[in-house]
Amino acid sequence: MLEARLDQAQMLKKVVDAIKDLVQDCNFDCNDSGIALQAMDNSHVALVSMLLRSDAFSPFRCDRNIALGINLGSLTKVLRAAQNDDVLTLKAEDAPDVVNLVFENSANDRISEYDIKLMDIDQEHLGIPETDYAATITLAATEFQRICRDLSALSESVSIECTKDGVKFACQGDIGSGSVHLKQNSNMDKPAESVEIDLTEPVSLTFSLKYLTNFCKASGLSETVKLCLSHEVPLLVEYGLVNNSYLRFYLAPKIGDEE
Amino acid sequence: MARVTRSKPKPKEATPEPPVSTVKPLPSSASNPPKLFVLPKDASPDARIVTLENPANGAPSRYFFCPQEGFYEFTRIVAPKKECRSWLITGEESEEQEQEENRIGAGYITKSADLFVATPIDLLFLLLPALAPKTAKDTKQHFLALDDYLDKLYASSRHWRPLTSQHSSLKTTIEKKLRATCDTVDAGDETMYRLSNDKLLAILIKKAERMVKHGLPPSLEERFIKTALEVPVMNIKREDSSLSTISISEESTENDSQVSTTTTAESQTSISTAITTPDTSTDSSPKSALSTPPQIPHLLRLRTSLSYLSTSYLPPSLHAPVTTHAHTSPTFTPLATHLSALASLRTEAAALRSISDNMSRKRAIEEDDDRVFEREEKKRKKEEEEKKKKSEGRAVKQLKKVDTSGMKKMSSFFVKVAKKT
């Protein structure tokens, strides 16, 4: 029996919105520590990992480990019926055929209830080790989104070069080239807008911009985004959620066609 | 032959009355409606309807037994579905019907227009289940005394015992039949019997010959003889190609429908399957010039009636010896060669057909169940994929177009683990 109550439906709405374009069907693995999700895109070069800890729900009850195989398209359709401020309750039996979603509007006592049919999804699960990254950049999520959007107008890929001076996003395309350079700075008034760079050694990697812009759909979830880079390992783009929950994206670097 | 197996008004006895008849109508309800029987004219007053084991399928079936004339089986004649549906049974003679109804009281209308005709059946066939080995594999047969066989009969249907005890003549007839079909061994003053396939075959062939002598019924003749021996018209011989196309497609339709139109239902169906082999193999013949040797139709008729006999009257365990005989014995060799000659030409004609006539080639493919299934599967998969494609959003499609060259798969960075849940 699973029963998880979210005070604000918008969190789940946004999470699903952010990943539904990357993966179509995925298992929501529920256990007593929370609800986790791991899925790869069709080409298997990017990976989404989400964890909503039990603390994010009130209350959270999960007696047995359950995998809820859900089509994200269907989930989006149902979540569209929820308003951002609705109280959302997820329910499922121990061996469920359906997952039940209840949206309660506390203001006008409106309760809507939906069942989504579950599916059996056979996905491989990857173990992601804790990695000490060579560079960790924290910046405003909107800033990162803007950079990706702007540069994707010029090129398909962006090189992210991190030195102790700062971080440089650069691209080269048919119509020309462009770059955005960010220096480390701390904004006391608006801490979210500060740029923090934690560097152990300089790195320079190239990534697909199309994927990065896709990741940026999660920008509404968090004010800041954390980019972690190391040579020869996937880029980690992390959006922190409440109570140490997170939404992480991994993207394989482009190797061999750097310019 | 669909034999009536239930709901026959039990107390009914064959009236010795001349032309036939005897339906003792039940009050009025439809639970056990009267049935129309055509019974033998000169049946003795002792005649009975008995329930005996059907030799072909072992099901208990009704037979008409007359101590003098022997056994009769019932053949149900069913009016075509669309035509007259009921009998009006009255006390008077009704002009149209070929038999008259004896009727007490006012008229009665039976719902079903079935007519049960009693036709003589050789006692031998009724004995065969007791004589034949239980299964086809069980080849080792023992010599048994007449009484042992009678016991077997009693065990199969309980009507046998009263019949044999009441009519002593029956016992002697049975013994005569046994002598005709069995190898015998004298043990003391008792004679022991064992079914002899050769003797049985000889009898069957005699019966078949008698059946053929006056020609097969038109429906059988049409289905199994004419069609089977039809010489296909080859394109080469014809100047007008469209004509030849027609003749070929006609053939294929004939080939397809194998359900015979004879009055009988069940056993008939099984016959048609049994005869499928000759039927298909004959279908085409070498050039339109190939002539059918005069003895061939007779042989094929013989074989057809043999398999008819075996499917409708022989226990399953006896089918194999009969069919092997019908296919291998020297008598039938000319037939076999002729049929194979036809078969080889048939493939030729089929090949030609597939080139010249696209329609029939399509049909040939469709007839192949496996391929149909495969195609359906493919189609289904394709549709599923298309549906999936349609359901995915624009962004997903765009992401598919992304150039992922130089990007390694996630699994090359992270190790696969077994799922914990």
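This is a predicted model: local features need pLDDT of at least 70, side-chain atom pairs count only at pLDDT 80 or more; totals for chains, interfaces and linings use all residues.
How many residue pairs are in polar contact between chain B and chain A, counting those with both at pLDDT 80 or more?

Start with chain B by itself. Chain B has 421 residues, and 42% of them count as buried. Trace the chain and you'll pass through 14 helices and eleven strands. How does the chain fold back on itself? Take the contacts in chain B with a separation of 6 or more: 69% of them are between residues 24 or more positions apart.

Now bring in the partner. On the chain B side, 23 residues are in contact with 38 residues of chain A. The size of an interface is often given as the accessible area lost when the parts come together. Here, chain B and chain A bury about 2700 Å² between them, and 65% of that is on carbon and sulfur atoms. Which residues of chain B lose the most area to chain A? Look for Leu399(B), Met410(B) and Phe414(B), which together make up 25% of what that side buries.

And the opening question? The count is five residue pairs in polar contact between the two chains, both residues being at pLDDT 80 or more. There are also two salt bridges between chain B and chain A. One of these pairs up Lys416(B) and Glu124(A), whose closest N and O atoms are 3.4 Å apart.

Which parts of chain B do the touching? Two elements give two or more residues each to the side that touches chain A: helix 14 (394–401) and strand 11 (415–417) of chain B. Helix 14 of chain B gives the most, with four residues. Sort that side of chain B by class and you get ten nonpolar, five polar and eight charged residues.

You'll find Ser49(A) in strand 4 of chain A, which covers residues 46–53. Is Ser49(A) buried or exposed? Its relative accessible area is 10%, so Ser49(A) is buried, the cut-off being under 20%. What does Ser49(A) touch, leaving aside residues up to four places away in sequence? Its contacts are Leu37(A) and Gln38(A), along with Tyr246(A), Leu247(A), Arg248(A) and Tyr250(A).

Note on methods
Residues are numbered from 1 along each chain as its sequence is written. Chains are lettered from A and ligands numbered from 1 in the order in which they are written. Side-chain values use heavy atoms; hydrogens and water are left out. Buried means under 20% relative accessible area, exposed over 50%, partly exposed in between (1.4 Å probe, protein chains only). Contact means heavy atoms within 4.5 Å. Buried area is the accessible area (1.4 Å probe) that two parts lose on being put together, summed over both. A salt bridge is a side-chain nitrogen of Lys or Arg within 4 Å of a carboxyl oxygen of Asp or Glu. A polar contact is a pair of N or O atoms within 3.5 Å; within protein, one must be able to donate a hydrogen and the other to accept it, and residues adjacent in sequence count only if both atoms are side-chain atoms. Ala, Val, Leu, Ile, Met, Phe, Trp, Tyr, Cys and Pro count as nonpolar, Asp, Glu, Lys and Arg as charged, and the others, Gly among them, as polar.
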